[in-house]
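Subject: Structure for your files

Hello,

Here is the structure I said I would send.

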Amino acid sequence: MLSWMLSSVINGVTALSGENKLSVLTYHRVGESYNQLCMDEYLFEQQLIWIKKYFNPIGLTEALALQKKGKLPRRSIVITIDDGYVDSFTTIFPLLKKHNLTATFFISTSGLEKGYLWDEHISLIIMTLSVDIEEFLFEGRTFEVSTYNERIKCAKEISDQIKYCSLNERETLIQKLVKQTKKIVLKHDFLNELQIKLLYKQGMEIGAHTVNHPILTYEKSDVAKREMLDSKEILEDIIGEQVKYLAYPNGKLGIDFDENNQNQAKECGFDAAFSSDWGFINHSPKDLYSLKRFTPWDKSEAKFCLRLALNFTGYYMKLDK
Ligand SMILES: [Zn+2]
């Protein structure tokens, strides 16, 4: 579709959707990784270019303040990056700078010390199994692991199996997995304190994403609150400023976090908290502690932009990937 035509369709759709609405985009890793949510670097940069061309990218704090006053420009977009892997600094940040954009980075602080989060740990264990291993037995299931694709599938299935466990159960299962495999040295693949400081000093915003990335509804209430508060305090110590926003791990309301967790986020002193449920943020949102976001993946300019424009209307276009 020609640029001018696409531009007028986007303007039409977003004008119909009404004033003062905000779409918050979620990204995870960018570049090379076994992570299922990792985006190709070229596509990420393309999407940044399209966002600049057709929408109004803006910082999170500024966007929420303008929205409160009813002065948010039409087609406003906020970029958020979840988890805190090192590509946030080495790949994502340079591209944001290159295109004069800003983003909010939601960081799970256990990664600072460990170098990765639990699901990436599982992927690394499975992907680096000795090449002569063709079958892998775990918790009564046998997985084929002779090829690269079989290993990706095995890692995904084991991660899915372990995801909906409490932190204690998760750790027990991961330790079983570690015992079963030869000791592998995992490289530190996460942001460090200096990189977080530099991101912040260079105009990026830093948000909390708990310590251990648990499913909050699977934890005792006090543990869930600690997870949120500790990550907030650790990040505040690093940047020397208040951390105002939280993104819930996994982030589906009613599944991964609930009303109790929303109240806890407020008690912890967060100004707002984000889910991973799809949608936009309306003028004076009913609940600042379950703000919706949107995950873009389209590889074509027209599909990406149309789907994003439609996100402002509350309708989601069922376009083929
Ligand atoms: Zn996450």
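The notes below cover the zinc site, one hairpin and a cavity.

This is a predicted model, and every value here is computed from it.

Zinc site. The zinc ion has three protein donors, Asp 83 (OD), His 209 (NE2) and His 213 (NE2), lying 2.1 to 2.2 Å from it. Their spacing in sequence is D-x125-H-x3-H. Asp 83 and His 213 link distant parts of the chain, being 130 residues apart. Asp 83 sits in strand S3 (residues 76-83), while His 213 is in the loop between strand S7 (205-208) and helix H10 (221-239). Asp 83 is buried because its relative accessible area is 7%, under the 20% cut-off. His 213 also counts as buried, at 14% relative accessibility.

Hairpin. Strands S5 (residues 135-138) and S6 (residues 141-144) pair in the antiparallel sense over four bridges. Two residues lie between the strands, and Glu 139 in the turn has a positive phi of about 50°. Phe 138 has Arg 141 of S6 as its bridge partner.

Cavity. A search of the whole structure gave one cavity of 30 Å³ or more. The volume of the largest cavity is about 40 Å³. Its lining has three nonpolar, four polar and four charged residues; among them are Thr 14, Glu 19, Lys 21, Leu 72, Arg 74 and Phe 312.

Regards

Note on methods: Residues numbered from 1 in each chain as written. Predicted model: local features only at pLDDT ≥ 70, side-chain atom pairs only at ≥ 80, totals over all residues. Heavy atoms only, no water. 1 Å grid on protein atoms, 1.4 Å probe; cavity = no way out; pocket = protein on both sides within 12 Å on 5 of 7 lines; lining within 4 Å. Points joined across faces, edges and corners; volume = space filled by probe spheres on them. Nonpolar A, V, L, I, M, F, W, Y, C, P; charged D, E, K, R; others polar. Donors = N, O, S within 2.8 Å, 3.2 Å for Na, K, Ca; no water. Buried < 20%, exposed > 50% of the residue type's maximum accessible area, 1.4 Å probe, protein only. Pairing = 2+ DSSP bridges.
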